Amino acid sequence: MILAVALLLGVAVVAGCAPAVLNRMLHRRVDPQLVLMTWGALVATTFITVTAALTIAVLPAHGPAPLLVQLLHHCWTALQHGSAPQVHLAAGLLLLTAVAGLSSRVSIGLLRHARHQRREHRRHLELLRIAARPESGAFPIMWLPHPEPMAYSVAGTPGFVVATDGVRDHLGADAAAVLEHERAHLRGRHHLLVGLAEALSRSASWIPLMRRSPELVRTAVELAADRSAAHQHGPSAVRSALLRMTGGRGGPMPSHALGMANSAVALRLHHLNGLRTAPGRAKRALASGMVGLTAATLPTLAGIALLPVLAMVTCPFAFGF
């Protein structure tokens with residue numbers, strides 16, 4: 001039971017400190033792909049560690065029967081005999097209910113986001129087929145006749161990029177960097193990551209990591225798309241396009257889209273100013289694996305570190321107090 005409590009406290013500490021750590025990584029020009037990997041690992045390990053703590057609290061004493069069945073059976077039996085259920089069983093049942101409820105809310109949020117995305121994608125594409133000039137490619141480009149430079153990407157089947165004539169007319173050679181930025185969003189499935197972050201935030205806003213996820217993920221995917229464009233067309237082209245497109249009057253951007261110049265502009269310029277050559281695939285994969293593994297083990301390590309403190313509080317006589 002002490003180990004289970006320690007794991008839960010470890011999750012609480014890590015989930016509370018994670019937003020500040022991720023934000024610090026972004027401002028220290030850490031590769032945004034590594035930041036996204038860290039965020040994903042922390043979110044996943046939060047759910048896994050809570051489930052593990054629940055299992056540790058209940059299974060050792062009651063065998064391998066289904067966890068929910070055990071909890072309900074023992075709590076019901078205790079109530080039938082006129083006594084209160086054991087504290088760890090009642091806590092386990094409440095925790096299991098909370099985890100199941102949270103997982104359901106996140107799943108429902110993702111389904112709603114996907115349904116909204118499909119509906120908006122279909123409606124948007126129908127309008128663009130009337131007003132825009134299509135340009136074929138791996139991700140089609142829909143050119144709108146508007147003098148102000150504006151570009152954004154819309155995920156779906158097919159995913160496509162929307163750009164105004166102002167992008168080509170005002171940006172010249174830098175327009176290629178803008179289009180590559182938007183294609184990078186589609187290749188990296190950044191819209192899906194943003195949707196997941198928003199679902200987590202709506203479902204568990206009381207957890208700091210989940211509450212701050214939309215802001216952190218949106219910033220990270222913009223930085224990642226900037227890097228992809230900069231590695232192909234140079235940081236100066238992306239920087240120039242970003243500066244010239246910021247504050248443009250190209251009209252409102254759809255809520256389900258990701259645009260070139262609509263968030264974290266100052267931080268993105270900071271990253272572009274210090275951008276070096278792209279690391280090799282092997283080096284990047286190794287770094288991602290190490291970062292993901294470290295992030296995944298943080299709650300467990302924090303819980304283990306808290307074990308002596310919990311043991312001293314709950315079992316003082318064992319330590320001679």
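Let's start with two helices: the axes of H7 (residues 190–203) and H9 (residues 213–233) come within 8 Å and cross at roughly 170°. This is a predicted model, in which local features need pLDDT of at least 70 and side-chain atom pairs count only at pLDDT 80 or more, while totals for chains, interfaces and linings use all residues. Residues are numbered from 1 along each chain as its sequence is written, and side-chain values use heavy atoms, leaving out hydrogens and water.

**The helix pair**
- H7 and H9 are therefore roughly antiparallel to each other (an angle over 145 degrees).
- Axes here are lines fitted to C-alpha atoms, for helices over the stretch in contact, and angles run from 0 to 180 degrees between N-to-C directions.
- Helices (H or I, at least four residues) and strands (E, at least two) are DSSP runs, numbered from the N terminus.

- Strand S4 (residues 160–164) is largely enclosed by the rest of the structure, because five of its five residues are buried (under 20% relative accessible area, with a 1.4 Å probe and protein chains only).
- Phe160, Val162 and Thr164 cover one side of S4, with Val161 and Ala163 on the other.
- Strand S2 (residues 141–144) pairs with S4 in the parallel sense over four bridges; pairing takes at least two bridges found by DSSP.
- Leu144 has Thr164 of S4 as its bridge partner.
- Strand S3 (residues 151–154) runs antiparallel to S4, joined by four bridges.

**A glycine in helix H1**
- Gly10 lies in H1 (residues 2–27), and Gly10 is buried, with a relative accessible area of 0%.

Key. Parallel < 35°, antiparallel > 145°, perpendicular 65-115°, else oblique. Buried < 20%, exposed > 50% of the residue type's maximum accessible area, 1.4 Å probe, protein only.
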